[in-house]
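Subject: Structure handed over, with notes

Hello,

My notes on it follow below; please read them with the model open.

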Amino acid sequence: MAALCRALQGRSAEAATLIEELADSWSTVPALASGEWIAAAAYAASLAGRDAAVRVRAMLDRVGHRTPWSEAALRTVTGAVAAADGDHRRAGELHLAGAEIYARIPDVTDRMLALALAAAELTRAGDPRAADGPLVEVRAFAERNEAPGLLALAGRPVADTGPAVAC
C-alpha cells in the first residue's frame, strides 16, 4: 500500500524501491498472491515504471495457485509493460481485461483504477472513442467519491484536482 501511495503521489523511484523490497522478501517466503496486497502492488508497479512492473510480473509468474486477484494483477503489470514498450492499444485491452475480472470479484475500486488506466492507454493509442466507455464509469465514480485525481490518472485534464494525493 505504501508503494501505491508513493506512485500515486508521483514518487515513482520510492515506489519502485518499495516494490523491490516486497519482491525480495516475497521471494524468500512466497505467500499467496491475495486480494489483500497484490492489486496494490500491481498498480504501484505499473505506475512506477517498466522495471517495477516486470518485477511484479515475475512474482506472479511464480505463483502456483491462481486467484482472480492474481489474474487481474497479471493483466495490470503486463499492460504496464506493453505501455512502456509503446503498445498502448494492447495495454488498454489488458487493463480492460483486468477491470472485467475485478467486476466479477466484485472489487469496484480496483475496477475503477483499471478502467482509468485503460482509458489513458486507449487515448494514447489514438482511439479516444474506445476510451469513452471506461471513462463514463470512471467519471461517475470519481464524481460520486470526490476523487478528481482518478480522472487525472485516466489522462483527462481536471480543472482542480485539489491537493496532492495523501496516503
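The model is a predicted one, so local features need pLDDT of at least 70, side-chain atom pairs count only at pLDDT 80 or more, and totals for chains, interfaces and linings use all residues. Residues are numbered from 1 along each chain as its sequence is written, and side-chain values use heavy atoms, with hydrogens and water left out.

Overall

The chain has nine helices and zero strands, so the order of elements from the N terminus is α-α-α-α-α-α-α-α-α. Of its 167 residues, 43% are buried; buried means under 20% relative accessible area, exposed over 50%, and partly exposed in between, with a 1.4 Å probe and protein chains only. The exposed surface comes to about 8200 Å², and carbon and sulfur atoms supply 54% of it. These areas come from the Shrake-Rupley method with a 1.4 Å probe, and for residues only the protein chains shown count as cover. Among contacts (heavy atoms within 4.5 Å) with a separation of 6 or more, 58% are between residues 24 or more positions apart.

Helix α5 has 17 residues and spans 24 Å from its first C-alpha to its last, close to the 24 Å expected at 1.5 Å a residue. The expected span is 1.5 Å times one less than the number of residues. Twelve of the 17 residues of α5 are buried, including S70, L74, V77 and V81. The buried residues of α5 pack against α3, α4 (50–62), α6 and α7. Just after α5, G86 has a positive phi of about 90°.

A82 lies in α5 and is buried, at 8% relative accessibility. Neighbours within four places in sequence aside, A82 is in contact with D87, R90 and A91.

Helix α6 and H95

H95 is in helix α6, residues 88–104. At 3% relative accessibility, H95 counts as buried. Not counting residues up to four places away in sequence, H95 touches T76, G79, A80, A114, L117, A118 and E121.

The second largest pocket

The second largest pocket has a volume of about 200 Å³. Of its 15 lining residues, S46, L47, A83, L117 and E121 are the closest to its centre. The elements that give two or more residues to this lining are α3 (38–48), α5 (68–84), α7 (108–124) and α9 (148–153).

On a 1 Å grid over the protein atoms alone, a pocket is an open set of points with protein on both sides within 12 Å along at least five of seven lines, and lining residues have an atom within 4 Å of a point. Grid points are joined across faces, edges and corners, and the volume is the space filled by probe spheres set on the points.

The lining divides into eight nonpolar, four polar and three charged residues. Nonpolar covers Ala, Val, Leu, Ile, Met, Phe, Trp, Tyr, Cys and Pro; charged covers Asp, Glu, Lys and Arg; the others, Gly among them, are polar.

Loops to check

A cis peptide bond joins I105 and P106, with omega about -10°. P106 sits in the loop between α6 and α7 and is exposed, at 64% relative accessibility. The C-alpha atoms of P106 and P68, 38 residues apart along the chain, are separated by 10.0 Å.

G126 belongs to the loop between α7 and α8 (128–144) and is exposed, with a relative accessible area of 59%. Its C-alpha is 8.7 Å from that of H88, which is 38 residues away along the chain.

E146 has a positive phi near 50° and is not a glycine. This residue, E146, is in the loop between α8 and α9 and is exposed, with a relative accessible area of 73%.

Regards

Note on methods. On a 1 Å grid over the protein atoms alone, a cavity is a set of points where a 1.4 Å probe fits but cannot get out, and a pocket is an open set with protein on both sides within 12 Å along at least five of seven lines; lining residues have an atom within 4 Å of a point. Helices (H or I, at least four residues) and strands (E, at least two) are DSSP runs, numbered from the N terminus.
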